[in-house]
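Welcome, and please open the structure in your viewer with the chains coloured separately. We will go from stop to stop, selecting as we go.

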Amino acid sequence: MASLISCPHCGTRPKEEFFIRGDANPVRPAPMATDEAWNDYVHLRVNPRGRIREHWQHVAGCRRWLVVERDNFTHEVFAVTDAAKAGEGAR
Amino acid sequence: MSAFRLASGGLVDRSHTLRFTFDGASLTGHAGDTLASALLANDRLLLGRSFKYHRPRGIMTAGPSEPNGLVTVGSGARRDPNTKATVAELYDGLEARSQNRWPSLAYDIGAVNNLMSRFLSAGFYYKTFMWPAAFWEKVYEPLIRRAAGLGRTDLPRDPDAYEKSWAHCDLLVVGAGPAGLAAALVAARSGLRVILAEQDFVLGGALLSETAPVGGEPPYVFARRVVEELQNSPNVTLMPRTTVFGWYDDNVFGALERVQKDVAALDAAKPVERLWRIVAKHAILATGAEERPLVFGGNDRPGIMTASAVSTYANRFGVAAGKSVAIFTNGSSGYRTAQDLAARGVEIAVLIDSRAASGDVAPDGVRLVRGGSIVDTKGRQRVRAVVADRGGFEELIGCDAVAMSGGWSPVIHLACQRGGKPVWSEALQAFMAPEAGPALVTAGAAAGHYRLSECFDDGARKASAIVEAIGRQAVGIERPVIGEETDPSFTALWHVPGAKSKAFVDFQNDVHTGDLGLAVREGFGHVEHAKRYTTGGMATDQGKLGNINAIGILAGMRGVSPAEVGTTTFRPFYTPVSFGALAGTSVDGHAMPIRRSPLHGWAARNGAVFIDAGLWYRSSWFPKAGEKTWRESVDREVRTVRENAGLCDVSTLGKIEVFGPDAAEFLSRLYCNPVLKLPVGKARYGLMLREDGMVYDDGTVSRLGEDHFFVTTTTALAGGVLSHMEFAAQVLWPDLRVRFLSVSDQWAQMSIAGPKARAILQAVVEDDISNAAFPFLAARAVRLKGNLKARLFRISFSGELAYELAVPAGYGEAVADALMRAGAPHGICAYGVETLNVLRLEKGHVTHAELDGRVTPDDAGLGRMMGTSKPDFIGKRLSARFGLTAADRAQLVGLKVLEPEKDIRAGAHLLKDGAKPSTLNDQGWVSSACFSPTLGGHIALAFLKSGRERYGEKIVVWDQLRGVETFAEVCDPVFVDRENTKLMA
Amino acid sequence: MRYSALSILKQAFAGNLGWKPAWREPEPKSHYDVIIVGGGGHGLATAYYLAKEFGIRNVAVIEKGYLGSGNVGRNTTIVRSNYMLPGNEPFYEFSLKLWEGLEQALNYNVMLSQRGIISLYHNDGQRDHYTRRGNAMMMEGVAAEQLDRETLKKMLPFLNFDHARFPIIGGLLQKRAGTARHDAVAWGFARGADRLGVDLIQNCEVTGIRRENGVVIGVETTKGFIGCNRLGLAAAGNSSRVGAMAGLKLPLESHVLQAFVTEGLKPCIDHVITYGAGHFYISQSDKGGLVFGAEIDGYSSYAQRGNLATAEHVMEEGVTMIPGLSRVRVLRSWGGVMDMSMDGSPIIDKTPIDNLYLNCGWCYGGFKATPASGFCFAHLIAKGESHHVARALRLDRFERGFPIDEAGAGTQPNLH
């Protein structure tokens, strides 16, 4: 993971072509959701050790936002999907 | 004289003599020598001084694990400190120097530490030097610093070049010994893309120093034959002089190729070293095994080496380590060395076997002592004798070299770099590589198969399995018949009891058994604590030789097995790698890309001084003849713009085209201010927040069509804003029908500002741009004379009547030239970002100096822009947090200097008149400041607590860093044309 | 036993056989007044100050590995107090003052070496930023100096003045900043705490936090349940995992930061130097190794190891700043797990759960904070209220809108 990422659009590329945003799990709340929901979204993270989903953007390639599903201890990557597709799954 | 070149034998080219120097003395060696073998051949045993006690030290190994034989190679700016003589390839003209000695290698003042050693036990420095408090840094520490370190550098600029490259393969084989060659051969014949990397300059590994015939030939001949076949296989890349130093995620390996590190004349077209990132589907570590030193009293004197090194010097380099060699072994390997020496006529003083009984047979005529040990050695700068002990009976035995064999450890370093812990093998009395998955396996001695035949078989077997895993048919190889093989068995002996003097475990850092005992006594018995407390394993060899004995000794002291003690963590780099190789070509001016505006040439022709602005070179000011300071130029440019007109390159701004039926809705959610109702043909200032409610970026939003917008960003955040928009479109609201792309590089954009801007521009623009036809904030496509399509925006950063004209990048310079010609009669000038900064500051406009990521729209005086009635925009909800709306937040104000002879600089802080400086009393800070030619005095923008309520207050501008304090009056941040009459004109 | 030159002399003549263990290895008692989770620098310092300053000696520190096995033993050892924001600067200055008396207080030489830190800047904007920062330090009474290019050329002639992509135009110097021997800090606090009666329990992993009626009453561990009146978490990169045992979701992400050391060299770099056109920083240890690092790898990670691309980038910055590093060989790289917070600043606060206290969010700057972190956390646990220099380091500052964002990067941890 930390060396190569398989972009679903561009193929396997070195890590330095990507920009990493962070946890992909938080979903932006509705505008009128509670203060707690908004604080949770912007500030709080489960931050588990193990399997996580993370937002990476292929800035030096297709510029698509991707969801990289991986283990943050072993650095094994399970799946890389386009974020728009991953979002459909979540909805 | 003791060590010498044998009359015959070895793989060196005796017909090719190379000259080199050591500490100024002229010496010779042969092609094929390492620096170490050549020094030995010249009977140079003493090579350097150890780290702590400055004890005399010589060569101990014949490979990359060398702890002692470190020298500085080269001279001037090409000096390489801490070079391992055992790896450095000899070349004609090589200059080597010993290290860590003063005034000379033979007479070293630092050696006094050796006499003081009882006071310098492990960790002694933690327990003293505390009183008086100031003495540590003034007296003790400088002494310690001077004593520490080995090689010396004055950090001269490196004249050599480095480069980096990627390589891809099905199978990477690390190590070209018997197992590696067999593996590579199977894979090569089976059609895999193979890379075979070997740190040595000759491929063959142990085959180069073995004597048992392979296929009826000397082993090195067999190795050459295999290498030749591999060389002729188009699917194989051989990489000699290449050390694989790291195993990274996704089976990517880091490797260092010494392209021309060891050559007499450098080819300037080539790098000295090349860094490889090797992407391997599979890898086989055929890295061999390391022979352990024995830990006995005085085991560090020059002339004492591992037995395998003694054999290697004899067999591969034709060098005898001594005239009379004592051998001390705990297993069969010592007997092999005895045979090697005997075969070459070197006298063996004694062969001492720590085992009481074994089936091993000493060569005829060699005195064999079973169940014995060495408890001490004699000699000053080289070993002269050993004190042997047999059942309590001591005997002094003269010798001039000692070969020691403490058993074997597989080299598993790379396999342990990704979190896997080594596994103790009771049978092999060694740590083995952890299970690392199918992508990385060990083979041969690295997997604990020490015999030559096993190495061949294991290498071939592991490669076959990989070939099949890839889905191909494995083509086998026939293993050659191998003569009498070296038996690898030994009985672990972690340290020799009854040592009469210091028995070293970590040679370079001078860690001896007493230090480990002290560590355990003081509660530092955990292997990591022991390492950190004694510094064992922290020298340049990273404990390759010593750690295993330290673990065994700790285990013994703690009464547990080595398995329970475990190892310290294996980490990159296997052997040290130069900064230069890791940095490659991305240094100096190439450290980061350079970006130039499409108007760069125009600016240069007009005499611009350029400054760095992120990756960009931006025109900063345009000095005229006779102007001596930048201020003179800037003051003139400001006055010219305010009175006539000026032209400024603003092409570096980020530019993004936004299309789609939902483009307006999309932008409405991105900007905090209303965008939905922006009429076609109009521009608007736009402010983007982060989701936490702080200002992210500002720019303009222009509506060029119902479904077509054009937005600009600041120069610094052009990339960031694009990513932010892409995130919003792809992740947050993928249902919005919007597409956009960056056109930052497609347009040259220039600002034409000043009362005469319209008149000048009209000379170039076909369309009517009168105030009625093209009012303030108009934004639309226009046609230039000559029928060039362009875009014109009537926006103003300067506060003047101003336009921004965008033309296709390739036409930028021509249009700018045309405008300058048209403007000449009106007194136009070119102006740069310095003047732009003064103009915007006079007008109270903000930049990233104000919008520093900690500022809300309200802080910046832009609170009214917030579209609070919009249902949603990024940053809306968190903007309402208590802390972001608190009344005492720092707010943007203007400052006018009250003492005309004094100036204000950005970064000054603010204090109430009469208040004592303190963090509590701190009232704010100055974000931007300049001399205003328009107002004739120094002005500034600042953030002041509750600032908008404090206009008129006299405040202290506190710049203690420069030693300047001055009074200023707080005022509205808009200094000029508060009524906007100029920009509406 | 007390350490001194005399004790070294006495022991030397006794063959160094009389040295006593630096700390006991006790079995855990069934109950303590305070349990601290995490035997790193901050946890050990907290225990020490609880006993020393606040008279609470019935304390246990519970560590899943060996003492000092976390970031205190894998950092670049920099000590400084050159912060800009009022929420931070007094805290870090308090810490530096504690550093300056630490060796005498602990009877342990942590080798504080106040060699000075020079933060280079490369353009006017950066100069203005460092001016603001320097003046903020001086407001707090912390000496700072601005160095111009000519002065720097004399002080640090090896910097890249002539060929750099981004020219060096000046630097901000804090003379009192420097380095300390990282392991010694952990060991000094451990020994100090032990001598005051604190139980240091190694190889004991916390597996759960037990609550009764919502109130914390102790921890489940691999050595069984251990009760306590108050529980302090100082688990650095593992804070989120330990916090989750009590149902807390924290404003943290764990990231890996790499650090590096070169082969030992005779003294050649006297200061701590930071690069303004990147994140590179470097100093030379008393052993002669150049110790350096730069930015975090950028992705969530609990693995104490980094990737090669980041390492290469670090070297690029290094050689660009000091061209003469080119031929110096890098010996070793390692990684630490950083508890990156949402604003880049730490948290020392109570939690919404009674008797549970939190110390986390140190990002990559926890080492310098060790004494103050311990002192202020001890103060909070002992007195139930924040020490005045740590008042801004609240857990609820995010929801209430009082971030302490030195980088101005917002709520994205990998940008701090």
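This is a predicted model: local features need pLDDT of at least 70, side-chain atom pairs count only at pLDDT 80 or more; totals for chains, interfaces and linings use all residues.

**Stop one: a sheet in chain B**

Start by selecting strand E32 (595-596), strand E33 (609-613) and strand E34 (residues 616-621) of chain B. Together these three strands form an open sheet with mixed pairing, in the order E32-E34-E33. The edges are E32(B) and E33(B), each of which pairs on one side only.

Now zoom in on E33(B) and E34(B), which run antiparallel and are joined by five bridges. Which residue in E34(B) is the bridge partner of Phe610(B)? Show side chains and you will find Ser619(B) there. While the side chains are on display, remember that in a regular strand they alternate between the two faces of the sheet.

**Stop two: cis peptide bonds in chain B**

Keep one general point in mind here: most peptide bonds are trans. Select Trp102(B) and Pro103(B), which are joined by a cis peptide bond with omega of about 5°. Pro103(B) sits in the loop between strand E8 (94-97) and helix H2 (112-115) of chain B.

Then move along to Pro572(B) and Phe573(B), where the peptide bond is also cis, with omega near 10°. To find Phe573(B), look in the loop between helix H12 (562-565) and strand E31 (577-578) of chain B.

**Stop three: positive phi angles**

Most residues other than glycine have a negative phi. Is Gln542(B) buried or exposed? Gln542(B) counts as buried because its relative accessible area is 13%, under the 20% cut-off.

Over in chain C, pick Asn355(C), another non-glycine residue with a positive phi, here about 70°. Look for Asn355(C) in the loop between strand E17 (347-350) and strand E18 (356-360) of chain C. With a relative accessible area of 24%, Asn355(C) is partly exposed.

**Last stop: a hairpin in chain A**

Finish with strand E5 (residues 65-71) and strand E6 (residues 77-82) of chain A, an antiparallel pair joined by five bridges. Arg70(A) stands opposite Val77(A) in E6(A). Five residues lie between the strands of this hairpin, and in it His75(A) takes a positive phi near 70°.

Technical notes
Residues are numbered from 1 along each chain as its sequence is written. Chains are lettered from A and ligands numbered from 1 in the order in which they are written. Side-chain values use heavy atoms; hydrogens and water are left out. Two strands pair if DSSP finds at least two bridges between them. Helices (H or I, at least four residues) and strands (E, at least two) are DSSP runs, numbered from the N terminus. Buried means under 20% relative accessible area, exposed over 50%, partly exposed in between (1.4 Å probe, protein chains only).
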